[in-house]
Amino acid sequence: MGKATGFLDYERKNAEAQEPLVRIRHFHEFHTPLSLSEQRKQGGRCMECGVPFCQNGGMLGGMASGCPLHNLVPETNDLVYSGNWKQAYERLSKTHCFPEFTSRVCPALCEAACTCNLDGEPVATKENERAIIEHAFASGWVMPKPPKVRSGKKVAVIGSGPAGLAAAQQLNRRGHLVTVYERNDRIGGLLRYGIPNMKLEKEVLDRRIQIMEAEGIIFKTNTDVGKDIPAEKLKEEYDRTVLACGASNPRDISVPGREGRHIYFAVDFLTSVTRSLLDSDLKDGSYIQAKGKHVLVIGGGDTGNDCVGTAIRLGAKSVTQLEMMPKPGKERSSSNPWPQWPRILKTDYGQEEAIALYGQDPRIYQTTVKEFKKDKSGNVKKAVIIALESKKDEKTGRMSMVPVPGSEKTIAADLVLIAAGFLGSQSYVTDAFKVKTDARTNVWSASGGYETNVPGIFAAGDMHRGQSLVVWAIREGREAARAVDESLMGYTNL
């Protein structure tokens, strides 16, 4: 695949990013893709390694190794190298619904498992995919594909995030009549309001939704199933229902002063900014303000980083980001060998921008909040933070992070954003459909399956597996669609 000596002949090249101090002036995507001729060389770096771990998608060391969608990575890279762009698009489409999304927001599990990554730079598979899909759109190859024959079966999909959209696309192409319900004012779920514009321009989402509408999928916004529409009504109207509502319960922190004003969940902050951007380019001012404020972000994951980048663009005076876990090393440890996901230090775009603007990395490791301090009006003004250390629980034998006595510090914080992850599905939906949940409030299904304890009700995405990546949500949506189709027809060719 590719060029046999390509990984030796060509250096890895990535799309060029705008300088941090330039890109923080806007909310647009800030990478300039390589030319198609240069991208072909990147495809040529894919060697005939024999065992393509990149497309495995299995679990190693508690983390996915390779693409959960099982994209045919070496074959696709070879087609990029040979310049067969249309065939590359068709090959990619066999396993992937929305490469334009993952090629922007996925952490590239495929590249982490690339054989070239064992002793060098991995193949730029993520950017190869982006080149494929963008060239396909530009060339007019991505066209609506309405089914030639309808089955007469009706399916409701609750939630329009990546899992819901993937399930809807697959079921519609099989010939079923699909209606997608979304409680927000626009379609997209996490893709719309959970991921900032600088990572995923909403025009990219809108063009795909327009194609899906042209294929016959019905989208209904501002409709909160379980509140606006009873679950029993949907059961009567539809032959099957897919729950894809996400893991939308944000994890809170319980410390003195938590009730103070200007303490928000990260998802509410990001949603308010994106909605204002889409409605008025921020001119309406109806978003959570960060200008001139000392912003404290609690959480070190992707959402925390997105809060850092967004707060900077809104004019924050300073940004501090707390991470409970120890600072990772720059190199793999002996207990974290390839092709496991590398647990090493990564500096994402938001942290890069904070370093450029404020002169230092915003992250403080092994630290959490002990208390919030408020002014007379109830506004949060400061945070007492405390260091953590790893200790073994004598009863359970588990290691946990515990506070270090006497390590308290007080920092300025007049806007606090809690980005501590999500706990699972929301009870009003699961109660409405009477579906069983596990200890983490994820919707239960038999092992390896997607149908819940209620016949005809299926679950997919974060609501089913817990908080995870967009690529996993797409896989869940596709597999749930297959299960629904088999349930309806007695067999499936999805």
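This is a predicted model: local features need pLDDT of at least 70, side-chain atom pairs count only at pLDDT 80 or more; totals for chains, interfaces and linings use all residues.

Modeller: Helices (H or I, at least four residues) and strands (E, at least two) are DSSP runs, numbered from the N terminus. Asp485 sits in helix 18, residues 470-489. Residues are numbered from 1 along each chain as its sequence is written.

Is Asp485 buried or exposed? Asp485 is buried, with a relative accessible area of 0%. Buried means under 20% relative accessible area, exposed over 50%, partly exposed in between (1.4 Å probe, protein chains only).

What does the side chain of Asp485 pair with? It makes a polar contact with the side chain of Thr492, at 2.6 Å. A polar contact is a pair of N or O atoms within 3.5 Å; within protein, one must be able to donate a hydrogen and the other to accept it, and residues adjacent in sequence count only if both atoms are side-chain atoms.

Now the wider surroundings. Contact means heavy atoms within 4.5 Å. Leave aside neighbours within four places in sequence. Asp485 then touches Leu171, Arg174 and His176, and also Gly490, Tyr491, Thr492, Asn493 and Leu494.

Helix 5, residues 85-93, has buried residues too: Trp85, Ala88, Tyr89 and Leu92. They lie on the same side of helix 5, because they cover an arc of only 100 degrees around the axis. That arc is taken from the directions from the helix axis to the C-beta atoms.

Key
Side-chain values use heavy atoms; hydrogens and water are left out.
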